[in-house]
Amino acid sequence: MAATILDGNKIAADIRAEVAAEVKAMSAAGIRPGLAVVLVGNNPASEIYVRGKVKSCEELGIYSEKHTPPDTISTAQLLELVQDLNRRDEIDGILVQLPLPSPVDSKKILMAVDPAKDVDGFHPVNVGFLSTQRPGLVPCTPAGIIEILKRSNIPIAGQEAVVVGRSDIVGKPTAMLLINGNATVTVCHSKTRDLPGVCRRADILVAAIGRAAMITPDFVRPGATVIDVGMNKVTDPAEFHRLFGGNAKREETFRAKGSTLVGDVHPRVAEVAGAMTPVPGGVGPLTIAMLMANTLKAAKLRRGAEVPALSRA
Ligand code: NDP
């Protein structure tokens, strides 16, 4: 039986509507959550991401401002900008779009963001809060993964979860959220022995690898839930046909754009899994939705409000 497809667009829309309603209520009480986005230089992909984030703020009633220093900016000058944003009370969230140009010391910049305004959840203070189950800001993509599971009524407690990938941005925080949700968690990486065998133990399999269609059906226990975080661009026609030959909709996109977006999970996994997220339209839309939720959460936490355990699993 084909897997249930978990609709990330629908779940993201629900979260955005909830955030918008809370922002409206807060604004009526005189507090408008605010996000500052810092985009250094002219990386075209970063420009698209930042445009999406600012547009999303506008749609949800969140105040936003964009800072676009040139890529010649020094670490000291960028630190000054971050510190200025740290000081401003009307700014609840600060997002420094990565990657930063190589002369800039990225770690120093990310460390300088006030942890209370760190809506990406990358600051070591927030990493510590997550691992010790204290209220804090959780990285957006991992938080989105948990929302997909919860809102699809997929149980986490007591389940075997396998996360492939151990990055600070996706793999590790996802594993931590699943542990906090009482799953039994295994984290895999490029040195893991018998990766297919380990993955087959999973009730919940999360692929955050960055390799197109690497997770094939033999990695998946029949009926398992598969969350595909990967976003890989396939441009090679032969590879495209191996993956999507016969899929009319995909073929049309590939003809028009010369590329298609592919996850880390092979499309044929849909024949084995119980449920899975598509690419595009799965985890991706949750990332911006959770950034909006984090900005709202930061606005509340900074004012000492109790925040419900959204995404703490
Ligand atoms: P990283 O490159 O930082 O991490 C990749 C991880 O995968 C590493 O831990 C690496 O292992 C592991 N890995 C690589 N090759 C293999 C292999 N052959 N077998 C087992 N493990 C392997 O990537 P990110 O975590 O930043 O991103 C992962 C994917 O998710 C990317 O496709 C990215 O584009 C996508 N992404 C999607 C987002 C969304 O909103 N949907 C947001 C963020 C990322 P090791 O540590 O040993 O090197």
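Author: In this predicted model, a helix axis is a line fitted to C-alpha atoms over the stretch in contact, and the angle between two axes runs from 0 to 180 degrees between N-to-C directions.

Reader: At what angle do helix 1 and helix 2 pack, and which word describes their arrangement?

Author: Helix 1 covers residues 8–28 and helix 2 covers residues 44–60, and their axes are 9 Å apart. The angle at which the two helices pack is about 55°. Angles under 35 degrees count as roughly parallel and those from 65 to 115 as roughly perpendicular, and the relation of helix 1 to helix 2 is therefore oblique.

Reader: How do the residues of the contact of helix 1 with helix 2 divide into nonpolar, polar and charged?

Author: From helix 1 come Arg16, Val19, Ala20 and Val23, which meet Ser56, Glu59 and Leu60 of helix 2. Sorted by kind, the residues of this contact are four nonpolar, one polar and two charged.

Reader: How far apart do the C-alpha centres of domain 1 and domain 2 lie?

Author: The protein chain is divided into domain 1, spanning 31–116, and domain 2, spanning 140–286. Between the C-alpha centres of these two domains the distance is 29 Å.

Reader: How far is an N or O atom in the side chain of Ser167 from an oxygen atom of the ligand?

Author: Around the ligand there are 21 residues, of which Arg166, Ser167, Ser190, Arg211 and Thr287 come nearest. Arg166 places a polar side-chain atom 2.7 Å from a ligand oxygen atom, while a backbone N or O atom of His189 lies 3.5 Å from a nitrogen atom of the ligand. For the side chain of Ser167, the distance from its N or O atom to a ligand oxygen atom is 2.5 Å.

Reader: Is the peptide bond from Val279 to Pro280 cis or trans?

Author: Pro280 is placed in the loop between strand 11 (275–276) and helix 11 (283–302). Omega of the bond that joins Val279 to Pro280 is near 0°, and the bond is cis.

Reader: In which loop does Gln133 lie?

Author: Gln133 is a residue other than glycine with a positive phi, near 55°. Its place in the chain is the loop between helix 5 (124–131) and helix 6 (140–151).

Definitions and conventions:
Residues are numbered from 1 along each chain as its sequence is written. This is a predicted model: local features need pLDDT of at least 70, side-chain atom pairs count only at pLDDT 80 or more; totals for chains, interfaces and linings use all residues. Side-chain values use heavy atoms; hydrogens and water are left out. Domain bounds come from an automatic or database domain assignment. Helices (H or I, at least four residues) and strands (E, at least two) are DSSP runs, numbered from the N terminus. Angles under 35 degrees count as roughly parallel, over 145 as roughly antiparallel, 65 to 115 as roughly perpendicular and the rest as oblique. Contact means heavy atoms within 4.5 Å. Ala, Val, Leu, Ile, Met, Phe, Trp, Tyr, Cys and Pro count as nonpolar, Asp, Glu, Lys and Arg as charged, and the others, Gly among them, as polar. A residue is near a molecule or strand if one of its heavy atoms lies within 4 Å of it. A polar contact is a pair of N or O atoms within 3.5 Å; within protein, one must be able to donate a hydrogen and the other to accept it, and residues adjacent in sequence count only if both atoms are side-chain atoms.
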